[in-house]
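Subject: Structure for you to look at

Hello,

Here is the structure I said I would pass on. Please open it beside this email and find each residue as you read.

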Amino acid sequence: MINSPQIVLAGIRGAEGKKGESAEIIEAIAGEDISAFRAVYLKEGKAYKLSNDDSENIFFLAGISTSSAIENNCFHLKQIGRLTDNSFNFDRGRVYLGGRGELTQVVPEQGYSVLLGVAVSKNEILLNIDDPIKL
């Protein structure tokens, strides 16, 4: 028995649905004053700056703040993708977690090494956060 081809006609396209939220951006509540472009961890529903020597919280890195906030206010953080700002002054290469949540290109020598991503230009980082490595 030979199967004969079937012809299917496409119908009229429906209305476009509501745009969803970006998976790259997360809303958080500041547990302390947080500047933009700081690495933060979450604890008991609030975000705090994370240092590369904080062994208690290093594995709870949630992302990088994209805006600043005072304590108990909402802000946004990003975990993956492009992070761009004119205040950045990076060389092309790796970007690591430093002290008090700072983004640095200085390779840590103690605590934990956490690769946050790579600077692809002076003002742009491609975030891709790696697991912490104890030094």
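Below is what was found in it, one topic at a time.

Please keep in mind that this is a predicted model.

In general, nonpolar side chains of soluble globular proteins tend to be buried together. The largest nonpolar core here has 19 residues, and the members that touch the most others are L83, L103 and I125. At least two residues of this core come from each of strand 2 (39–43), strand 4, strand 7, strand 10 (115–121) and strand 11. Another core lies apart from the largest one; this other core has nine residues, including I34, A69, F75 and L77.

Setting aside residues up to four places away in sequence, L103 touches F37, I64, L83, F90, V95, Y96, L116 and I125.

**Salt bridges**

How many salt bridges does a search of the whole structure find? The search finds five. Three of them are described here.

E32 forms a salt bridge with K49, and the closest N and O atoms are 3.7 Å apart. E32 is in the loop between strand 1 (25–29) and strand 2, while K49 is in strand 3, so this pair ties together parts that are 17 residues apart in sequence. E32 counts as buried because its relative accessibility is 18%. K49 also counts as buried, at 16%.

E32 has a salt bridge with R100 as well, with 3.6 Å between the closest N and O atoms. R100 sits in the loop between strand 7 and strand 8, and E32 in the loop between strand 1 and strand 2, so the pair ties together parts 68 residues apart in sequence. With a relative accessible area of 45%, R100 is partly exposed.

The side chains of E124 and R82 form another salt bridge, at 2.5 Å from N to O. E124 belongs to strand 11 and R82 to strand 6 (residues 80–84), so to speak two distant parts of the chain, 42 residues apart, that the pair links. E124 is buried, with a relative accessible area of 16%. R82 is exposed, with a relative accessible area of 51%. As for shared partners, salt bridges join E32, K49 and R100 into one network.

Most residues other than glycine have a negative phi. Which residues have a positive phi here without being glycine? N72 is one of them, with a phi near 70°. N72 lies in the loop between strand 4 (61–65) and strand 5 (74–78), and it counts as partly exposed at 46% relative accessibility. R100, already mentioned for its salt bridge with E32, has a positive phi of about 55° although it is not a glycine. The loop that holds R100 runs between strand 7 (93–97) and strand 8 (103–104).

Is K78 buried or exposed? K78 is buried, with a relative accessible area of 10%. K78 is part of strand 5, and its side chain reaches the backbone oxygen of R82 at 2.4 Å. R82 is also the residue that meets E124 in a salt bridge. Leaving aside neighbours within four places in sequence, K78 is in contact with E24, I25, G63, I64, T66, L83 and L127.

T104, in strand 8, counts as buried at 19% relative accessibility. The side chain of T104 reaches the backbone nitrogen of V106 at 3.0 Å. Not counting residues up to four places away in sequence, T104 touches R94, V95, Y96, L97 and G98.

**On the surface**

V118, V120 and L126 make a nonpolar surface patch of about 170 Å². L126 is in strand 11 (residues 124–128), and it counts as partly exposed because its relative accessibility is 31%.

G45 is in the loop between strand 2 and strand 3 (46–49). At 58% relative accessibility, G45 counts as exposed. The C-alpha atoms of G45 and I29 are separated by 7.2 Å, and the two residues are 16 apart along the chain.

Regards

Notes
Residues are numbered from 1 along each chain as its sequence is written. This is a predicted model: local features need pLDDT of at least 70, side-chain atom pairs count only at pLDDT 80 or more; totals for chains, interfaces and linings use all residues. Side-chain values use heavy atoms; hydrogens and water are left out. Patches are made of residues with over 30% relative accessible area and no salt bridge: like charges are joined within 9 Å, nonpolar side chains (Val, Leu, Ile, Met, Phe, Trp, Tyr) within 5 Å. Accessible areas come from the Shrake-Rupley method with a 1.4 Å probe; for residues, only the protein chains shown count as cover. A salt bridge is a side-chain nitrogen of Lys or Arg within 4 Å of a carboxyl oxygen of Asp or Glu. Helices (H or I, at least four residues) and strands (E, at least two) are DSSP runs, numbered from the N terminus. Buried means under 20% relative accessible area, exposed over 50%, partly exposed in between (1.4 Å probe, protein chains only). A nonpolar core is a set of buried Ala, Val, Leu, Ile, Met, Phe, Trp, Tyr and Cys residues joined through side-chain atoms within 4.5 Å. Contact means heavy atoms within 4.5 Å. A polar contact is a pair of N or O atoms within 3.5 Å; within protein, one must be able to donate a hydrogen and the other to accept it, and residues adjacent in sequence count only if both atoms are side-chain atoms.
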